[in-house]
Each structure stands twice: as structure tokens, then as C-alpha cells.
Amino acid sequence: MDLLKTMRERILIGDGAMGTLLYSHGVDRCFEELNLTHPEQVLHIHQAYIQAGADVIQTNTYGANYIKLSRYGLEDQVKKINQAAVKLAKEAARKDTFILGTIGGIHGSQTEIGTKEEIKRSFREQLYCLLLEGVDGLILETYYDFEELTTVLKIAREVTDLPIITNVSMQEAGVLQNGMALADSLLILEELGADVVGINCKFGPYHMLKSLEFVPIPKRAMLAVYPNASLPGYKDGKLFYENKPEYFKKQAESFRNEGIHLIGGCCGTTPDHIQALAEGLINRKPVTEKLIKIEGIKVKVSEQKELTKPSLLEIVKERHSIIVELDTPKHLDTDLYFQGAEALQKAGVDAITLADNSLASPRICNASMGSLIKQRFYVSPLVHITCRDRNLIGLQSHLMGLHTLGITELLAITGDPTKIGDFPGATSVFDVTSFGLLEMIQQFNAGNSPSGKSLKQKTNFTVAAAFNPNVRNLDRATLRLEKKIEAGADYFITQPIYSPEKIIAVYEATKHLKAPIYIGIMPLTSTQNAEFLHNEVPGIKLTDEVRARMALFTNDREQSTREGIEISKELIDVALEYFHGIYLITPFTRYDITVNLTNYINSKVNVEAVPKSMVTLN
């Protein structure tokens, strides 16, 4: 039998979800492992779908790759699991049943999982396993990351002439995660050699039909669709789907009218849904022509509003700049905090930076406090955003809120894990790292959300990224900076540095970069403070000389503070010689110390020469 020839002549029915049925039977572990441990369960599901009317079944190998199996300690079982899956599908198949080797997407909506090279290696290993076992074709499904799909499609097309089906998963109806229109993405997949192009997962029949209305019938390839049973619900700690096979039966003819050649089911679908599709498709002859809806007028995206004050990026490129971190309180008494903010504004700082629950300890929301100091003291707030506390939905909502408040200066950081904070049992989210957050912010600046939806306005965020120079290999750290610049970082803020030699080394390692750098200076207040920072805070290291100097005044708090300020001034002297930006971190809300240092910096920059780093900025 020829799969593509048969599909051109009549619409084929695919199978439905494998995981949904296994989940409903109480299986709560790696589904692909069942090919080895409980083959009878997998075999029974294949048989049930064929009995329901499926012409095409998929191997139980959606996540049977090295990267995903390694979560269960099964990375060495890739070959055995894939081999067993194909054998089970063949055992269940009838003479007229086609078997597709399934390879699922790895990234999903979290692009931090696996590098491009790791995905390539993982894909090739699984691909060869399936090809050696003799499948009738391949199906690449549930790919939210379009670049990942095109990457693996190119690899597959180079090594096999078997039919390849490529199903993207949309972020919004008709739009991919990268903002590309569905029709455009399917055209690219066809040009890259896919024999069948289509969509699966996330949405039910309604949204998939709406999306297909804008998709023309391909010139060479054919269309496929695998809708979910419905949008998922959540009850008693479990996901569930509305089970309405009759609805699928009613929609079957509508899918035919949109030009599909292959239709099956994804999450939540069962043999009852597949039987309903088979019964609803009375006419199996594919249509060859259809009317395409013309997209309505797109909402224009407003340009960025002109700022009343220059951004920190503009400032630090033109002159010396001082930003001061003043962390919001861990309690609700804000009087001292606002006193400090006012004093720093009067001292002439360019911005007050507000950490986002640093060291995983809860504080008053930095967006709220930032908005208040902006209103009361007309000082720019630089709001830190961590990836620890908010999922992808929360991060996007937070960014929209900051824009609405008029807060435009951001620092994107991954964040400290919750286990080091006041509530070690709290959950760390980390849907993305700082790289993903940087990319998300730049999408907002273009007027689009990561889902591809128009925001109807462009944000005008200027975004900094963190730089930890307290490492052995500065060259490697600098490569990381270059990647952050590619992701969207406008400038950098360093962890506190306690060595003049380190400041000079940072200059030498980064002088080729165009992105400015603010050198972090954190005044010490006691020898206990120094030892804590050196020994217990990740990313901060003190020199033996600095620790020894602070130890001289173990029992003299006042003299300890003076020594800490003196050390900071010595570091500032060196930093000003090489960099435009100084980042002062206020210790224990002692804003008097950072006001002192701010005055010191301002007294020096009025008489000293342009720093060496200006050569790279101009």
C-alpha cells in the first residue's frame, strides 16, 4: 500500500490520544516505558482505535527520545522502547492499516529545554530507531517551536523518502508561538519537503476549523488535523476533557470542506471520538478547491511614546551614571524606605533599582513601590524581574502592568531558587530563564505577545541583564554576555566586585562589547557582613585583603562602617577610570552610606577624564 497515494484518493482517519487512555487507567509515569513493561495495554489501545475506524495509527513514541526519557532515568532505553513500540503497532495493525512513527516536539512552550545540538542528536537517534523497524511514514507532532520543527524536518528529509507529516501546535487560533500565521508556516513546511502539513493539540474542533479557514489547499502537500477533545478542565488535581464524541461527528464534514486529507484526535480523544469522525465523514473524497477567508484589517500597533526622561542606556552612553539598589521592606512599614528614596533622589542618582524578592525572601512588590517613588520623587525606578515566581502567563501580565504604570527600566534575571529563602518549601517556577525573559521583553517592544497576539501598543522597555564577573573564567562569562545581547539585553549590571584587579580584568574581557556595563559596589558594614557575603551568598567573593581590613574592627561598628565606605571609594576610583556606570547596593537600608558614595562619585566625575570604556561606546 502507498500511504500518500491512498490519502490523495480518500480522507484517512487517524487514531486518537494514547496518553489520555493510559492516564484514565491510572498510569502516572512514563507512557513510552509501557512498551516494555506493559505491552498489552499499549496493544489494546491500538486495537481499540483500529476497531473504531482508524486507518492510520501512531507508535507510542511521542516522548521516546534521549532528552525526555532522561527525566525517568530511561535514556539508555531509547532503542528498545522505540523498537517495541513499532512491533506493538504492527501486531495490532490490519492489512490496510498504516503505521506512523511518532516523534514529538521537545521544546514545547519552554525553549530552555535542550540546546539545538542536543535536540538534533536526540532526534537522529530516535529517527533511526523508527526507520530501522520499518514504519510506513513519520509524524512530527506537537511542535510549538517552529524553528525546532524545521530543523528536525530537514534532517528527516535528508535521510528518508518515507512520507513525513508535520503538525504544528498553535499558541493562539491561527497563530504560532513565534507570531507567524498558520498558513505561512505550513507553506514553509511544504517547501522544506513535508508531504502532509497540519495542526494538532491545544485546541478543539472549533478553533482548528476557524484557523483552517485562512489556509489554502497546498500545491503539493496535503492537510492534516488532530484536534483535542476540548479545552482542558481541572478537577480534584487532575486534567480532564469534555467527552462529546457526537460533537466530533458533526464537525467531520466541516473539516473535509477545509481540504483535509487526514483527520485524527489529540489530547482527550478516545476510540469513541474516532468512531464519530468515521461515521461523520460520509463522503471520503477530498475537496480540491475552497474559498479562503481574507484576514480582516489588522489592528495598528501604536509607536512608543516619547519619553520625558532619557533612558539609562542613553544616559550611561553619554556620561557617568549612578544607580542605587534600595530593596523594598520585608514588612509594611515604609517610612524609612521613602526617606531613603527621597535622599537618593536629592543626591542625584539616575535610578533606584528594586530587587524582586532577592534571596527568595518576600518583600513588598517592587512594581508597587517603584510606581510610588516615581510619582512622589520623580526618580526612575529600575524594576528587577525574576523568572522564579511567575509562570509564562504571570510574566506577560506583569510586563503589561509595568508598561501601564509607566515603568520602562527593567533588569531581567533568572532569580535565586526558593530553597535558599524564607520559605524553602515554596515552588520555583522557572518556565523560562533570563534569556527567555529578555526575548519576551523584546517581543513586547515590537508590540507582540509571545503568543503572537498584537498588544495594540509597543512597549518601550530598556532592559538590563545581570553579569557575574566573580568567576575563574571571565572569557566564558563574556560569551554568556554576548548571548544575552543577542537575546535582547541593552546593558549589564554586575554583581558586587571587591577587587580593583577584577574591575580592570572585566574591562579587558568586555571592551569589545557595545553594551555598557554598570560596575556593582556594595559597601560592607562589618566583618560579619563581609564573611557572610563571601561564604554564603552565591556570586559574591571578597579578596583576603578586604576581609582582613574589615576584621581589624570586629568590635567597632562605627569604624567598620567607615572602613567599608573607604574600601568602596577605592573600588569606585578604579571603576570610574574604566566604566561610565556605577551600581551601588544599599546595605540593610543604610541609605546614608549610598548617599555618601553618590556624593563622592559626583564630586569626582566633574573633574576627571572620560573613562577608557568610552572608546567602545562611541
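Tutor: Start with burial: buried means under 20% relative accessible area, exposed over 50%, and partly exposed in between (1.4 Å probe, protein chains only). In strand β4 (residues 137–143), seven of the seven residues are buried, so the strand is largely enclosed by the rest of the structure. Helices (H or I, at least four residues) and strands (E, at least two) are DSSP runs, numbered from the N terminus.

Student: What should I know about the source of the coordinates and the numbering?

Tutor: This is a predicted model: local features need pLDDT of at least 70, side-chain atom pairs count only at pLDDT 80 or more, and totals for chains, interfaces and linings use all residues. Residues are numbered from 1 along each chain as its sequence is written, and side-chain values use heavy atoms, with hydrogens and water left out.

Student: Which strand do four bridges join to β4?

Tutor: Two strands pair if DSSP finds at least two bridges between them. Four bridges join β4 to strand β5 (residues 164–168), and the two run parallel. Y143 stands opposite V168 in β5. Strand β3 (residues 98–104) is also parallel to β4, joined by five bridges; there, G101 has L138 of β4 as its bridge partner.

Student: Is S560 buried or exposed?

Tutor: S560 counts as buried because its relative accessibility is 2%. The residue lies in helix α22 (residues 557–578). Contact means heavy atoms within 4.5 Å; not counting residues up to four places away in sequence, S560 touches L524, T525, S526, M550 and F553.
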